[in-house]
There are 10 protein chains.
Amino acid sequence: MQVPEITQTLLDAKKNKKLSFGDLEKILGRDEVWIAAVIYRQASASEEEANKLVAALDVNPVYAKELTESPLKGLGPVVPTDPLIYRFYEIMQVYGMPIKSVIHEKFGDGIMSAIDFTLDVEKEEDPKGDRVKVIMSGKFLPYKKW
Amino acid sequence: MQVPEITQTLLDAKKNKKLSFGDLEKILGRDEVWIAAVIYRQASASEEEANKLVAALDVNPVYAKELTESPLKGLGPVVPTDPLIYRFYEIMQVYGMPIKSVIHEKFGDGIMSAIDFTLDVEKEEDPKGDRVKVIMSGKFLPYKKW
Amino acid sequence: MQVPEITQTLLDAKKNKKLSFGDLEKILGRDEVWIAAVIYRQASASEEEANKLVAALDVNPVYAKELTESPLKGLGPVVPTDPLIYRFYEIMQVYGMPIKSVIHEKFGDGIMSAIDFTLDVEKEEDPKGDRVKVIMSGKFLPYKKW
Amino acid sequence: MQVPEITQTLLDAKKNKKLSFGDLEKILGRDEVWIAAVIYRQASASEEEANKLVAALDVNPVYAKELTESPLKGLGPVVPTDPLIYRFYEIMQVYGMPIKSVIHEKFGDGIMSAIDFTLDVEKEEDPKGDRVKVIMSGKFLPYKKW
Amino acid sequence: MQVPEITQTLLDAKKNKKLSFGDLEKILGRDEVWIAAVIYRQASASEEEANKLVAALDVNPVYAKELTESPLKGLGPVVPTDPLIYRFYEIMQVYGMPIKSVIHEKFGDGIMSAIDFTLDVEKEEDPKGDRVKVIMSGKFLPYKKW
Amino acid sequence: MQVPEITQTLLDAKKNKKLSFGDLEKILGRDEVWIAAVIYRQASASEEEANKLVAALDVNPVYAKELTESPLKGLGPVVPTDPLIYRFYEIMQVYGMPIKSVIHEKFGDGIMSAIDFTLDVEKEEDPKGDRVKVIMSGKFLPYKKW
Amino acid sequence: MQVPEITQTLLDAKKNKKLSFGDLEKILGRDEVWIAAVIYRQASASEEEANKLVAALDVNPVYAKELTESPLKGLGPVVPTDPLIYRFYEIMQVYGMPIKSVIHEKFGDGIMSAIDFTLDVEKEEDPKGDRVKVIMSGKFLPYKKW
Amino acid sequence: MQVPEITQTLLDAKKNKKLSFGDLEKILGRDEVWIAAVIYRQASASEEEANKLVAALDVNPVYAKELTESPLKGLGPVVPTDPLIYRFYEIMQVYGMPIKSVIHEKFGDGIMSAIDFTLDVEKEEDPKGDRVKVIMSGKFLPYKKW
Amino acid sequence: MQVPEITQTLLDAKKNKKLSFGDLEKILGRDEVWIAAVIYRQASASEEEANKLVAALDVNPVYAKELTESPLKGLGPVVPTDPLIYRFYEIMQVYGMPIKSVIHEKFGDGIMSAIDFTLDVEKEEDPKGDRVKVIMSGKFLPYKKW
Amino acid sequence: MQVPEITQTLLDAKKNKKLSFGDLEKILGRDEVWIAAVIYRQASASEEEANKLVAALDVNPVYAKELTESPLKGLGPVVPTDPLIYRFYEIMQVYGMPIKSVIHEKFGDGIMSAIDFTLDVEKEEDPKGDRVKVIMSGKFLPYKKW
C-alpha cells in the first residue's frame, strides 16, 4: 500500500513535531483513531477540524481543504499481508459466524453499522503482558421490509 | 458456507429447546460468543465443557468427543458476501491502517493476538437506536528480535 | 449457484399453483421483490408472514420456521456470469464513481444504506420497447465522528 | 483507483468555481449523474456538450476533444472497498436472484439494458433521516432466438 | 463444469437417436447453436419449441417445462481451461482493444448487444485445412444520454 | 489498461490526420482490425507494412522498427470491465459450451485456431437498428495423436 | 481434483491387471502419455482405440463409447499445488519470456501449437541421478495477417 | 510485464549489433535459452560469463555485476495472456495429470527438478510446416522419507 | 478442506486405539510428521510401511495399497484461513525475501529442495511458555547452467 | 516485488563494502536473518541497532530513523513465483495439515506464534550435497477461552 502524498506529509510533520495521536486527540477534541483515519484519508474532517489539524502539524494550510473531502476508502489488498492488520481478517474468518449468530439472537435480522460507528483502541496494562482493547460500537440496523 | 453436520444438529437442538446463547453462557460458565464458536467448530471445548453442552442441548453424547478436537478454522470465502460479516471486513479495510498506527504508537512494533484473545458482543440500549458493542481484548505480542 | 432446497420447493409450488410474485404481494401485503428475497433466503419473514406464505403456496408448514431465520446472505460468484445480474455489476463499475460524487455533493460523507433499504421493480410500457425501472431507496447514513 | 489527469483537472476547476453537479445540469441540459460520468471518463459527450462543459469550468479548451472519445470504462477493483460503492455490489449479491426472478416473470427471458439506460440520484427528505433514491431505467432486451 | 442433469439426459438421448444438432435445426426451425444453448440451459425455449425438442429426443415430456425457464447463465470458471473455449477468451484478450476501436469508429460510443444477438458456426472447406467460421451479429446499442 | 506510448502516439497522429481505420485499410492493403491490432501492439507488421503505416500517419520513422517486433500480447484484466469488451467475455461464458458441442460434431476433437485466424467487423444497416457483424475464421486444428 | 468415475475405473483395472502405461503403448500402438491423457479424459480415442483399451483393461465395454467423446479439458486449479505439476507452471513462469524470445527469433511471430502437438516422457539413466526427459513437439503456427 | 531496464538495454544492444541468441551461444559457450534467461533476469551468470556477454553486446560494463546476482524470478500474471506463453500453461492444464501418472510409474514418487534442469528449443524443418521442439531435462528427485 | 475418506478412517482408528503420532513413530521407525503426511495423503509409503501402519491402526488391510500410491498433493485454499497453518504463510510473506538473501549469500543461486527434505516438530519446554520448534532440512539445489 | 528505495540503498552499500549478512551479525549482535528482515523493511530496529547498521554500511545517517519504524509487512503476490520462496509456500500446502495434527497432539489447540518467533538459516555441509537448515522457534500460544 502506497500511502497518498498528503498522508506521508502529515505523518512526517507529526513525527518531527513529536506529537502522538493522543496529543492530537486533545487538540482536536476527537478520538485518536478517527484522527488517524482522517490522516490516512479514510475519513473526512470539517473545515474547522482540518484547519486545527493542519495548524497543529504546522504544514501548508492548502492541505486542509483536501482533508474535508470524502475520500475513496479502503486499504487495497484483498487479504492483507501485514500481520497486525491480518489478525482482524482472521477474527472475521474465525469468529464471523459466531458473532452473526449472537447478534441475530440479541437484535433480530440486521447488521452492526460500520458508518454510524466508533472504534477505540485502549491499552490494558497487565502483569502477564499488556493487552490491546478494541471497542467497536455500531448502531444496529434492522433490515427494512417493504 | 455449508455448516458442518454437527453444527446444524446442535443449532437445531438449541432452537427446539428454546435456549439462547445467553442461557448456555449461564450453564457452561463461558461467554456466549465462545460457545457459539465451539458450536460452529471454530473453537475446541474441554471434555467437561463438551459434556455439559451436549447434555444441555440433549443431543447424542457422541457429539461431545468431536467438540474437543482442534478444528480446521475459518469461514471460507475470501471476501464474505453476508452483509453482517462483511462489515467486519470493511472495518479492516477502512480502519486497518489507522488502528495499526495507533497500536504501534502505544505499544511498539508487534500485534494484537487473535489467539490469546476474547471477544464480547453487548447490546447498548439507545433511544436513537440500540447499538452493537463488540469488545476485543488481545494480548499485545511484541516482535521478538534474535 | 445451487439454490437451497427450500427455495426450490417454494418456487416449484409457486409454479404449480400458477401464482405470480405479484399475486403473493397481494396476499402478504409485502412487495414482490422482498417476497422473492425471502424465498431465495436473502431476507427473513416474521412468523405471521412465513405462515401466510407457506399457506398460500400450500407447502409443508415446517418450512415456515426456516423462513423466519436470518440467512447467510449473498449470491456467491465474485463476478456473476448471468447476463441479467451482471448488468448490475457493470452499473456499479461504470457509474460507481459518478454516483459517489453526486451523493457526497448532495448529502456529505456517508453512504446509502443497503439495510434500511427498499427496492422496487416496475414495468414501464414504451412503444420503442418496454423498460425495466428499478427504484432503490436507502437511508442516507452520515459517517459518525468520535 | 487513480482518476485520470483530465478528471482531476475538471473536478478541481469545478470546486474552484464552486459549481455543483446540479449547476452543471442546468448549464448543459443533461442529468448531473451523466455529467459526472463524462467527467470520470465513463461516458462520452458530443462536441457541443464538451465545449459547454469546458467553458463552464473555464479550463483549457483542448480538454473538450478528449471528452468526446469513447473511454475504456470501469472502476477497476473486482470487489470495490469503498463503502458507498460496495453497497451497490452488496445489493447485487443479496437482491440479484430476487430481481432476476421478478424481471423474468414480468418481461420474459432477457435483461435490463445497462446501455439504453438512465440513472438518477435524488434526495428524499425524511424526518427520520433523509433517503437516497436511485432510479434506474433500462430498456428490456429480450433474448433473440435464431 | 458439471452439466445439469437435464443437459446430460438430452445429450444422451441425442446420441442414442443418432441425431446431430443439424438434424434438430431442421426439426425445430431454429439454428443448431441456439438449440445447443437451450440444451446446455443457456437459453429458454417457447413451450412449442420445448415440446418439439423433447419429442424429437423421445425423453420424458416433463423436461419440456424446464426448458422454457430462464436459466442462470454462464460457464463458471473465470478463465476457462478447455482449449477450444479458451481460444475465444484469447481472442477477447488479444483483439479486444482493436475491435473496440473499430466499432467506436464505425458506430460511435456503444456496444454490440450479446442479447439481441445471433451466432452461427459454419464449416468452410479448404484444401489447406478446413476452417471454422463463427459469425456473430449483435444489434449496435448506442449509449443513451440523459 | 495503460496503452503503450507508441500506441498513444499513433492514435493521436491518426486523429490529427483525420484518418479512419478504413482509410488505413486502403493504404496498407490489410484489414482495418488487423491494422488496429498492430497499433495496439497485439500483432507485428512486416518492415514494409510498418514503413507504410508510419508514413501514412506521418510520425517519426523510428516507430516503424518497433512495429515489426513480436509483442507480449493481451489486454490484462482477467475479466474486462469495459462493457463493449465484456460482451465478448459474456458470449464465451454463455455460448462456450454450445459452440464447443457444435464444432466437435462438425469437425471432431480439436479447436478453432486463434493464430491462423482472421476477424472482420462489419456494419449491417438495419431499419430496426444497425447491427455489428463480427466474422471470425480460424483454421480447424484436429488434436494430433501420437 | 476429483478424477471422473471412468478414470478411476480404468486406473483401478490397470493396477489390478498390473499393466503399465508402457504395456498399453505396445497394445494400442500409441504413446503412453497420450493413452494416459485418454484415460484422464483429456484426449479422445477412435472407436477402435477405445475398444482395444477397454479390452486390454477388461472393463465393461460401455466405457469405450465415452472414451471417443471430446472431453471438457483442463486440470482445474489456477495454480496447481501438486509439486510435480507445479514445476511445469514454474518453468512457464521462469522460462516463458526467454522461450518466447528464442522462438520468435527462430520462427518469427507465432506460437508453438498445443494441439498439433506431441509430448514424450523418457527416463535418462544417469549415475548422478536419473533424469526425466520431456520432449514437446508442436507445429509452429505463424500469425496470419489479413 | 514490464521488463527491467537492464533487460531492455541488453535486448536493444543485441538488436543493434544484429546478434542472434544463437550467435551469443557461440560466444559464451552456453545455450541460447539460458542466455536469454540471464538477459531476462531469470538466471544468474558467473562473472566471466557476464563480462563476455556485456563485451559481446558492447554495453556499459557496470551491467556485468548485476547479471551475476540471484534475481527474484517469475513472469508475474497468474495466467499469462500472451498466446505463445499461454500454450505452456495449457499443456500443464491438459497434460499435467497424464505426465504425473507416467513419471510416477517410471520413477516412483517424486518430481522432475526445475532447478537441476535444462531446456532446449530447436527448429524441426517439416514440409507440412516447421515444428518447435522443446526438450526439457530435469533430474528426478525422489521424495525423501524421514 | 474435506479430508479424503481414507484419512478420516485412519485418524478415527488412531483415536480409538489411543495411539499418538509419537507412538506410530516408534512402530514404523519413521518420523511422526512424515507418518502424518502419509495419513493425510501427502506422502506415499512403501508396501512394508503401509502394512505396518494399517496393522498398527487395525483397519481393513485394503487401505495399505492406497497408501503406497503417489497422491495429488496440496491443501487447497490459496491463502489458508486456519490460524495455525496461516502462520506458515505469514512467515513466507514476511521472511521470504530475507531468507532468500541469506541463502543466496551462503550457497549461491539455487533453492532449498522441498522434496529431498525433512521436517521435524519438537516441543521446547520453557518456563515463559513452551515453544514449537520446526526444523526443516532441504538439500541445496544450485541452478544448473547449460 | 519492487524493493523500497531504502532497501536498495542498503543492499548496494553492503555489496560495495563487501560485507556479508554474517559480518553484520557480528557487528550488531543480532542474527543475520533478522538483520536482513530489517533491511527489507519487515522488522524494526532500535535506535541503537539502526545507528550501528547505518554506520557499518556507511550510508546517510538519516536512514537510521526509518529503520526504527514499524513497517507495513509482507511480500505481495498471493502465490510467490520465485522458486526459492515458492518452496516455503509448497511446504505449507503439502505439510500444513500434518504439522497441524502433530502440533495439536503435542500442545493442544493453539498455534505457533510468528511474532514471538525466531528463524535461523544454517548451512549443513554434506558430501552428497550441502543442505539448507531452517530452524523456526515460535512460542506456543494456546487458544484462550472466555
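Reader: How many salt bridges are there between chain I and chain J?

Author: This is a predicted model, in which local features need pLDDT of at least 70, side-chain atom pairs count only at pLDDT 80 or more, and totals for chains, interfaces and linings use all residues. Side-chain values use heavy atoms, without hydrogens and water; residues are numbered from 1 along each chain as its sequence is written, and chains are lettered from A and ligands numbered from 1 in the order in which they are written. A salt bridge is a side-chain nitrogen of Lys or Arg within 4 Å of a carboxyl oxygen of Asp or Glu. One of them joins J:Lys14 to I:Glu105 (2.6 Å, N to O), and the count between chain I and chain J is 8.

Reader: How many residue pairs are in polar contact across the interface of chain I and chain J, and which element of chain I gives the most residues to that side?

Author: A polar contact is a pair of N or O atoms within 3.5 Å; within protein, one must be able to donate a hydrogen and the other to accept it, and residues adjacent in sequence count only if both atoms are side-chain atoms. The rule finds 36 residue pairs here, both residues at pLDDT 80 or more. Elements that give two or more residues include helix H3 (32-39), helix H6 (83-107) and strand S1 (110-124) of chain I; helices (H or I, at least four residues) and strands (E, at least two) are DSSP runs, numbered from the N terminus. The most comes from H6(I), with 24 residues.

Reader: How much area do chain I and chain J bury between them?

Author: Contact means heavy atoms within 4.5 Å, and it takes 72 residues from chain I and 73 residues from chain J. Buried area is the accessible area (1.4 Å probe) that two parts lose on being put together, summed over both. Carbon and sulfur atoms hold 69% of it, and the total is about 6,800 Å².

Reader: What area do chain G and chain J bury between them?

Author: The contact takes 9 residues from each of chain G and chain J. Of the buried area, 54% is on carbon and sulfur atoms, and the total is about 730 Å².

Reader: Which side chain of chain G meets J:Glu90 in a salt bridge?

Author: The rule finds 2 salt bridges across the interface of chain G and chain J. In one of them J:Glu90 lies 2.6 Å (N to O) from G:Arg87.

Reader: How far apart are the nearest C-alpha atoms of chain B and chain H?

Author: Chain D and chain H share no contact, with closest C-alpha atoms 16 Å apart. Chain B and chain H do not touch either; their nearest C-alpha atoms are apart by 17 Å.
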